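This report describes a structure in plain terms for a reader new to the subject. Please keep the sequence and the model in view while reading.

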Amino acid sequence: MKFLTVSPSPHVHGAASVKSLMYDVVIALLPALGISIYFFGVGALVVTSIAIASCVLFEYLIQKILLREEPSVSDGSAVVTGILLAFNVPANLPIWIIILGALVSIGVGKMTFGGLGNNPFNPALVGRVFLLISFPVQMTSWPVPKGFGTSYTDATTGATPLGIIKEGLLAGKELPELMSEVPGYLDLFVGYMKGSAGELSAMALLLGFGYMLYRKVITWHIPISIFLSVIVFSGIMWVVNPDQYLSPLFHLLTGGIMLGAIYMATDYVTSPMTTKGKWIYGIGIGILTIIIRIWGAYPEGISFAILIMNAFVPLINSYLKPRRFGKEASNG
Amino acid sequence: MSNIILYTILSLSALGVLAAIILYFVARKFKVYEDPRIDQVEEALPAANCGGCGFAGCRNFAEALVRHEDISAFYCPVGGNNTMSAVAKLLGKTPVENDPLVAVVRCNGAYSHRPRTNIYDGAASCAIESSLYTGESGCPFGCLGHGDCEVSCNFDALYMNPETGLPMVVDDKCTACGACVKACPRDIIELRKKNPKDRKVFVSCINQEKGAVAKKNCEVACIGCGKCVKICPFDAITLENNLAYIDPFKCRLCRKCVPECPTNAILEVNFPPRKEKNVAQETTMKVRTPENTDTDTNK
Amino acid sequence: MSVLKTFVKGGIHPPDHKLSAGKPIQNLPLPKQITVLVSQHIGAPPKLLVKRGDQVKTGQLLAESGGFVSANTHSPATGKVAKIDSAMDSSGYRKPAILIDTEETDEWEEGILTDTVLDKNIQLNGGDIIQKIMEKGLVGLGGATFPSHVKLSVPKGKTAEYLVINGVECEPYLTADHALMMEKSDEIMVGIQILMKGVGVESAIIGIENNKQDAIEKLTRLAPAYKGISIQPLKTKYPQGGEKQLIKAILNREVPPGGLPIDVGAVVFNVGTVYASYEAVQKNKPLIERIVTVTGKSVKEPANFRVRIGTPSTAVLDAAGGLPEDTGKIISGGPMMGRAIPGTEIPITKGSSGLLILRNEEAKREKIIACIRCTKCVQVCPMYLEPYLLQTLSEKDLTDRMEQERILDCVECGSCSYICPSNRPLLDYIRLGKSKVTKIIRSRKK
């Protein structure tokens, strides 16, 4: 008989691995991908596959050549970053811009900090914000959804529903008038609107949310706390003046709140470690998003909100410790 | 355009001057008085901040040196006698003079001498393995090979030999600060007197089990037979708990004990080769794995 | 008492693998030679009373308790003391042991009753019960081997309200307690009444997980006949058998940090210990045997055995079909908190609850990667700690912060290492950190 193996307990291990968790996220994103291809055709497919391929390639090259370590792309985290980056940009974005975004996401957003587990900011959002600031025109011309008929290079473009509202309010128009220029609520829920591939369909994203909860990939705290704080804060503004401020439902269904709350804010590496922390984090993101949407220069605020709260996470981790066992003890 | 530049320069300079003035007064008000000799003593110390003196860094040591009248209990192993006499001169106190020391690894249980009997699959830390069980071989005192000592060394003086699984000390770099001694959970490393030409004679084993048990687990274990004790002309060797120990301060490096040892547990290092070759003296470097180790190792 | 309770925060659900469930307890034949380790409990080692050549009877005192927190060791067989030597225990270290060449038939020590008739009449009073339990060398049979009489002696200033009986057996694979609850149900009930008298409480609650429905039903049927005893079915979750988690689940009370169950009015005992108490008090029988589960996916016939203490593990493994060819690891105890033993020559002791064989492909750990901050370890820790942080602090030797982060609260259940997707050795480092912090605290007190 060969030698026995000796190691400290425990001697069994659960089924979860980094790879299985990352691929569960990919599966959860498939409904949203399906919807975006349905509405935007080839463009969505091109953008998504280029983003994934470039993210994986850049991570592999950086690890192998620059860092001279064993490449770890098989763990799937670069694939997830690629998909999320693609979901944050218009479906007709030129290929070279996508590749640049992937380079910034992986190279700057992840690898400069030490690779998986060490980055303080969400890599996909770092890439997206970089692209938004560097290429404002390309990043804000959203293709009109025409199904498979939508061509990749020549699509007619326009502004997202939030963009239309923002410009309209700035021009002095009032909400009741502007609402006729944007899709109705059912369209918004299903996803028939202009926007990035990931923003479209709340329905598809919520399906993915359910799947991730079932597979125990994420907990419900961060998305629910973001939704709640968005509803409460925007709700207060809406009740005060419904002609100037959008309803909470509109806020939830447009822009990147669904995508951001469920997939971006819940990124493991950049979110807090305790339940209390997750609540504060979520509430902060919700409030900041609405502030930027209402008073900020951009029509969409969740990317910036998440990045800002990412910066607070180490502080949140230090101060919001879990309640300790036996703190309130009954006397014996 | 030049107005803007002028105003910018003026306003920033004014801010700078204002800040400087405020800082000056604040620094004056909150200044902590320190004995100026502390800085001087700190300059004289090697600035390794290794903790070998027992204090929290060189500055902390300098403070203690200045504070205490009698510094005979204080010694910097990295700087040695030279540093201590320099410091003493600065302070007008009497230094202690110690023999220089060097770290010595008292285990020769390489893979070839001490076969594995099981496989350890836990975290790669000697402290963790040693708190779990006896180790991959039958010897409960031997080196575990994960390199806690190598990690603890601040002077690059210790590295793990991948062929033998044992740590090797680089005598030139070792400052005898004691970090590796503290790091080893089995107390295998000892600080012994440093001899000219880095010569060493020592018992390379700390196994206290009865001879037969120790020998079964490792070919070069000390079996506590006492032959070395009898042969030593300087009474430098003592036997306790089935283990022989050579006192480095009494040992005169005559090497009479080395060929006496039936298991070659006593090592002589950095000596010229003897006239008649003693083959068993060389530590064999053959790598053994569980697959190619058979149970009968005493060849 | 039929609503399923559990401890709410933390815990994991490892697959059950109760391969030997429902198998009746088999008596293992006495081997030719037994190796009785002198010290088989937490606390001071006992003093040896016999020497080489002595003839000993079954149940005779071999070594006398070495203090209050210590226990007696009795002879599990009749025979001659062959040698006083040292033998390897599960840590690989050699400890003092008594080797006895056994005789086939038992010659029992004076006063021990060998009949199996149920004796419900508890004649002794509380103090005498504690005395008897101490004399008979009883220690906690859940695996911790803490001397039972110490637990029964409630310190001054504290009051006991409940006796909590641990019938949970939350470790995967193990079924010894389950078998005992099914086969010796009445004796266990009497045993509980004995312990209730010893501690001085009016109520006892038996916690049983709902993967043992037959035990829950049987004991619930019997309970009305025994005053003060009730059954609490629990949702299956690991580590519900840990006393702090069990008290939280059943009584919803949290033991304060650094405290004991008695601080919240509870005293916890394992069903194996309860059965041994029945035998000790009603039949004068000392602790000389226990139920051991032999199990594993490659074991030919996983089963529960009644084994005399000192039996070599090889004999127990042979009775279950022999050591399988593809054995990678042998674990004394369960897979979450048991000890991997370095060789099969290790004898059965009072704390050996099971022998688990893991195959080669199950025995090795996976590759370790960086912490991805997924918070799963924080979610599963039943003591509300942050294992990822404690592991990092332990690696960096930051003992002050470890103490602040309450590393000493850790019960070493292993849930964190189990759930970590990066396969990080969290518990290994946390244990190391605990020992470092304990050493420092001890040196402070001096």
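## Domains of chain A

Domain bounds, as used here, come from an automatic or database domain assignment. On that basis, chain A of this predicted model is divided into domain 1, spanning 18–138, and domain 2, spanning 155–319. Taken over C-alpha atoms, the centres of domain 1 and domain 2 of chain A are separated by 21 Å. To their contact, domain 1 of chain A gives 34 residues and domain 2 of chain A gives 29 residues.

Which elements give two or more residues to the side of domain 1 of chain A that touches domain 2 of chain A? They are α1 (18–40), α2 (42–66), α3 (77–86) and α5 (123–134) of chain A. The largest share of this side, 13 residues, belongs to α1(A). Sorted by class, the side of domain 1 of chain A that touches domain 2 of chain A holds 23 nonpolar, nine polar and two charged residues.

## Where chain A meets chain B

The contact between these two chains involves seven residues of chain A and eleven residues of chain B. On the side of chain A that touches chain B, four residues are nonpolar, two are polar and one is charged.

Strands also link the two chains. Strand β1 (residues 4–6) of chain A and strand β2 (residues 118–120) of chain B run parallel and are joined by three bridges. Within β2(B), B:Y120 is the bridge partner of A:V6.

## The fold of chain C

Chain C contains 14 helices and 17 strands. Its radius of gyration is 21 Å, close to the 22 Å that the globule rule gives for 446 residues, so chain C is as compact as a globular protein of that length. Along the principal axes, the C-alpha atoms of chain C fill a box of roughly 60 × 50 × 50 Å.

Of the 446 residues in chain C, 56% are buried. Among the contacts in chain C with a separation of 6 or more, 73% are between residues 24 or more positions apart.

## Confidence in the model

The model as a whole scores ipTM 0.90 and pTM 0.90. For chain C, the mean pLDDT is 93, and 100% of the residues reach 70 or more. Which elements of chain C have the lowest and the highest mean pLDDT? The lowest, 90, is that of helix α9 (residues 360–363) of chain C, and the highest, 96, is that of helix α13 (residues 415–419) of chain C.

Notes:
Residues numbered from 1 in each chain as written. Chains lettered and ligands numbered in written order. Predicted model: local features only at pLDDT ≥ 70, side-chain atom pairs only at ≥ 80, totals over all residues. pLDDT = per-residue confidence, 0-100. Helix = DSSP H or I, 4+ residues; strand = E, 2+ residues; numbered from the N terminus. Nonpolar A, V, L, I, M, F, W, Y, C, P; charged D, E, K, R; others polar. Pairing = 2+ DSSP bridges. Rg over C-alpha atoms; globule rule 2.2 N^0.38 Å. Buried ≥ 20, exposed ≤ 12 C-beta atoms within 10 Å, placed from the backbone.
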